Amino acid sequence: MSLNLDTLRLQIDSLDHKLIALLNERAQVSLDIGAAKRQDKTSQAEENTHVYIPGREKQVFEKVTRLNPGPLASDSLCAIYREIMSASIALQKDVMVAYLGPVGSFSHDASMKRFGDSVQYASQGTIADVFEAVERGRCQYGVVPFENSIAGSVVPTLDKFIKSKVKIRAETYLPVHHYLLSNSTTEAVRRVYSHPVALAQCQIFLNSQLKGIELIPCASTSEAAQLASKEKYAAAICNRVCAEIYGLDILHADIEDQQGALCDGLKVFKDHSLNLTKIDSRPSMLRPWHYVFFVECAGVHGDSEVMNNVVTELGKFCLDVKIVGTYPDQRPQDLN
């Protein structure tokens, strides 16, 4: 069957007209939902003041994935629906989202993935500033880092939750991939800016490609990109979006190493059916940005064959493995 280009384009135009009409029909229903929430006088009234409902959002994404016959990939279709729902949120209510760091930070990236492009965003200098923006009503929602797969829990965030009245409404997982960005060549780079954790996650690359180069810690990876964009012979380790925002070239992609090593190491415990009860990280004090991980597991003795096999396999991913002790679980029964 021959394909006529003009006929196909007319078909696309006709479909676009239908899509626009359906999208606006959906938007009107969304507005009606907002009006119904405002009229609700039941015990759910406080919850109904929120226009962002993560549970409902999850249902929509699951439905879209289930109903998708292709050829569009489900991820692509969900990305489209992310923006449709973002536009609906903005229609119901003016929404401002506070996030940590300048434009291009990982928190900014996480915010955009969670709320879409139609709401408004407010950059904050510190985690405490994000909490304050929500507490004082300047922003309806805030996005802060809670846990890092390398550095563990983000202590400033945990500290703020102790006294703050704000509540957690949703979580989002952001795969972290690091890029070396610069307006110079790799050979010409004399200093590298980044957040300390990002520097720690890229040690293998730095030691092999930029050994001896000055490493300068920054408050955020996006701040690092800002600095690198203004200096000759400077580079930044940050996410991909910073290349476009700050006009930098991508010299190397996916340069993280520690993250993968940690994941590989943790998989060893999973493969041997050992439950982990604690993971912590500390600077090794041997060299900058080099970390030691403390892992606690339950149900096996340190001298057992299982643990000996675990230690052997961990040696494939770790510079050194040390068992610091074996001890009985002394937690009170009501905590187990």
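Modeller: Rings of Phe, Tyr and Trp count as a pair if their centres lie within 6.5 Å. Planes over 60 degrees apart make a pair edge-to-face. Keep in mind that this is a predicted model.

Biologist: How many aromatic pairs does the structure hold?

Modeller: Six. One of them joins Tyr52 and Tyr141, with ring centres 5.9 Å apart. Their planes sit at 80 degrees, so the pair is edge-to-face.

Biologist: Where do Tyr52 and Tyr141 lie?

Modeller: Tyr52 is in the loop between helix 1 (5-39) and helix 2 (54-67). Tyr141 is in strand 3 (residues 141-143). The pair therefore ties together parts that are 89 residues apart in sequence.

Biologist: Are Tyr52 and Tyr141 buried or exposed?

Modeller: Both Tyr52 and Tyr141 are buried.

Biologist: What about Tyr99 and Tyr121?

Modeller: Tyr99 and Tyr121 also form an edge-to-face pair. The distance is 6.3 Å centre to centre, with 70 degrees between the planes. Tyr99 lies in strand 1 (residues 96-100) and Tyr121 in strand 2 (residues 120-124), so the pair links parts 22 residues apart in sequence.

Biologist: How accessible is Tyr99? And Tyr121?

Modeller: Tyr99 has a relative accessible area of 3%, so it is buried. Tyr121 comes out at 22%, which means partly exposed. The cut-off for buried is under 20%.

Biologist: Which residues do ring pairs link into a cluster?

Modeller: Tyr52, Phe115 and Tyr141.

Biologist: New topic. Which residues have the most contacts inside the largest nonpolar core?

Modeller: Leu181, Tyr193, Ala225, Cys238 and Cys242. That core has 15 residues. At least two residues each come from strand 6 (179-182), helix 9 (221-230), strand 9 (234-238) and helix 10 (241-245).

Biologist: What does Leu181 touch?

Modeller: Leaving out residues up to four places away in sequence, its contacts include Ala234, Ala236, Cys238, Cys242, Leu248 and Ile250. Asn239 and Asp249 are also among them.

Biologist: What is in the second, separate core?

Modeller: It has 13 residues, including Val189, Leu206, Leu210 and Ala235. In soluble globular proteins, nonpolar side chains tend to be buried together.

Biologist: Last one, Gln92. Buried or exposed?

Modeller: Buried, because its relative accessibility is 17% and the limit is under 20%. Gln92 is found in helix 3 (residues 74-92).

Biologist: Which residues does Gln92 touch?

Modeller: Ser30, Leu31, Gly34, Lys37, Arg38 and Val51, not counting residues up to four places away in sequence.

Note on methods. Residues numbered from 1 in each chain as written. Heavy atoms only, no water. Helix = DSSP H or I, 4+ residues; strand = E, 2+ residues; numbered from the N terminus. Buried < 20%, exposed > 50% of the residue type's maximum accessible area, 1.4 Å probe, protein only. Contact = heavy atoms within 4.5 Å. Phe/Tyr/Trp six-rings, centres within 6.5 Å; stacked < 30°, edge-to-face > 60°. Core = buried A, V, L, I, M, F, W, Y, C linked by side-chain atoms within 4.5 Å.
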